[in-house]
Amino acid sequence: MPTPETQSAWNPTSWREKIAAHQTVYEDREAVARAVEKLGGFPPLVTSGEIEHLKANLAEAQEGRRFVLQGGDCAERLDDCRPQVIANKLKILLQMSLVLVHGLRQPVVRIGRFAGQYAKPRSSPTETRDGVTLPSYFGDLVNRWDFDEASRRPDPHLMVRGYQHAAVTLNFIRSLIDGGFADLHHPERWDLSFLDHDSMDERARARYQAMASELSGAITFMEALGDKTVDDLTRVDFFTSHEGLNLLYESAQTRTVPRREGYYNLTTHFPWIGERTRDLNGAHVEYFRGIRNPVGVKVGPKTAPADVLALIEALNPTDEPGKLALIHRMGAKDVRTALPPLLEAVHKSGKRVLWLCDPMHGNTVGTASGIKTRNFDDILAEITGAFDAHDEAGTRLGGVHFELTGEDVTECVGGATDVTEDTLHTNYVSQCDPRLNYHQGLQMAFLIAERGRGR
Ligand SMILES: O=C[C@H](O)[C@H](O)COP(=O)(O)O
Ligand SMILES: C=C(OP(=O)(O)O)C(=O)O
Ligand SMILES: [Mn+2]
């Protein structure tokens, strides 16, 4: 656990004194210094006011008065900084959130995994194809996907390009939201064609259709009454998040702001620490403990209760509401055994945390032909297991965290549109982990809404 002396020595670059896992080794140190200087000089992507607003929303989610939906690509691509791709991603998240609003009867906090989700920790530092070994792909913030030496060489200028693309992405999201993106409020205009798929069970189809038309009717009714609740429930506050992996990038935009205390990471509202970099004595925890943003930490099935308590102490020593989210990602197989001890320990400690479930990262499997995929049923089973574990522990599942896209990709198997191992190759686009496609995302929202109803 950090000692009081190390606690007081924090500054935006004090992480440099610690061991930083999964950091890029660049050849050209001067180019790194130039990139970091450039990043530090840019205007921020988000404001401290928005960050505090999110923190207040997360505090309400912690108390059971909101539900969090966080989602987006595993690895966002610079090439996907295109209007249709961004609009589709926003659309699926907003549609899912409305299904959840309706099913759970509470406001949903929407957080995109985008406008900066460009850096990836990898299991192996290298990749070998046809006897050629090159550095792995570490996300567009670090190197490029193409399998040749020049593309895979880490390029510090990609940090600057990442930031610029994040700015363009966010700018477009802000204008879509300001402009109303009105169709979202009208489920009768959504693409619910997955309901007509042969594999869809007749009774489920009827339930979802009923839910969608109820939702549509409720919104129309409230709109007609000029009811303010409709604004509250459907008003689109939108927040961004990414894994705060590349500490050069994160700390370059970490600043004080006028009339507020402390430092803010102004590249995103809600950065999180990954499962691979949450070492208590490592550079990531050191960096994260000093910023005022709400922060997340992923916790996997091997996490000991004592580690979680120490992370809480390090990252939120004052027990500030809305400050810390623990994002459990246990896997469907382990969630019912690995999660309860953590829930019990934290519950007993009386500390405030927001519990989120990432049902993706514990459920990645390789097919016989070596493709990474995830099964829709495993993803759902992890969420159901998490709801049950929280109910039993007397804690609250405050939200969910997905890797998803608004495109019709074939990366995860299962769901009503029935992607199978044999059809995975049809439109497998992800450069890292497999994402739910549009239909799988929407169907998942209906299922969560049903499970969470009447909690
Ligand atoms: O997104 C999470 C990790 O970066 C990803 O699961 C690692 O994938 P890999 O095992 O293919 O490196
Ligand atoms: C790297 C990720 O997850 P985790 O840290 O949980 O493995 C991720 O969210 O893409
Ligand atoms: Mn991932």
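Three nonpolar residues, one polar residue and three charged residues form the shell around ligand 1. This is a predicted model. The residues around ligand 1 are Cys-74, Lys-120, Pro-121, Arg-122, Ser-123, Cys-432 and Asp-433.

Now turn to ligand 2. Its shell has two nonpolar, two polar and six charged residues. Cys-74, Pro-121, Glu-243, Gly-274 and Glu-275 are among the residues around ligand 2.

An unreviewed entry places the feature "binding site" at Arg-113, Glu-275, Arg-276, Lys-298 and Arg-329.

Take Lys-298. This residue lies in strand 9, which covers residues 295-299. Is Lys-298 buried or exposed? Lys-298 is buried, because 22 other C-beta atoms lie within 10 Å, and 20 or more are enough to count as buried. Leaving aside its neighbours within four places in sequence, Lys-298 is in contact with Trp-272, Ile-273, Gly-274, Glu-275, Arg-278, Ile-327, Arg-329 and Asp-358.

Arg-329 comes next. Where does Arg-329 lie? Arg-329 is in the loop between strand 10 (324-328) and helix 12 (335-349). Arg-329 has 24 C-beta neighbours inside 10 Å, so Arg-329 counts as buried. Again leaving aside neighbours within four places in sequence, its contacts are Glu-275, Lys-298, Gly-300, Asp-358, His-361 and Gly-362.

Next, find Gly-72. Gly-72 is part of strand 1, residues 67-72. Gly-72 counts as buried because it has 25 C-beta neighbours inside 10 Å. Beyond its neighbours within four places in sequence, Gly-72 is in contact with Lys-89, Gly-112, Arg-113, Phe-114, Gln-117 and Leu-404. One of these, Arg-113, carries the UniProt "binding site" feature. Now compare Gly-72 with Phe-138. They are 66 residues apart in sequence, and their C-alpha atoms are 17 Å apart in space.

Finally, look at two helices. Helix 4 spans residues 83-104 and helix 7 spans residues 202-225. They pack at an angle of about 85°, with their axes 10 Å apart. Helix 4 and helix 7 are therefore roughly perpendicular to each other. Which residues make the contact? Helix 4 supplies Leu-98, Val-99, His-102 and Gly-103, while helix 7 supplies Met-211, Leu-215 and Ala-218. By class, this contact has five nonpolar, two polar and no charged residues.

Methods
Residues are numbered from 1 along each chain as its sequence is written. Chains are lettered from A and ligands numbered from 1 in the order in which they are written. This is a predicted model: local features need pLDDT of at least 70, side-chain atom pairs count only at pLDDT 80 or more; totals for chains, interfaces and linings use all residues. A residue is near a molecule or strand if its C-beta atom, placed from the backbone, lies within 6 Å of it. Ala, Val, Leu, Ile, Met, Phe, Trp, Tyr, Cys and Pro count as nonpolar, Asp, Glu, Lys and Arg as charged, and the others, Gly among them, as polar. Helices (H or I, at least four residues) and strands (E, at least two) are DSSP runs, numbered from the N terminus. A residue is buried if 20 or more other C-beta atoms lie within 10 Å of its own, exposed if 12 or fewer, and partly exposed in between; C-beta atoms are placed from the backbone. Two residues are in contact if their C-beta atoms, placed from the backbone, lie within 7 Å. UniProt positions are given in the numbering used here, feature names are shortened, and annotations may be inferred rather than shown by experiment. Axes are lines fitted to C-alpha atoms, for helices over the stretch in contact, and angles run from 0 to 180 degrees between N-to-C directions. Angles under 35 degrees count as roughly parallel, over 145 as roughly antiparallel, 65 to 115 as roughly perpendicular and the rest as oblique.
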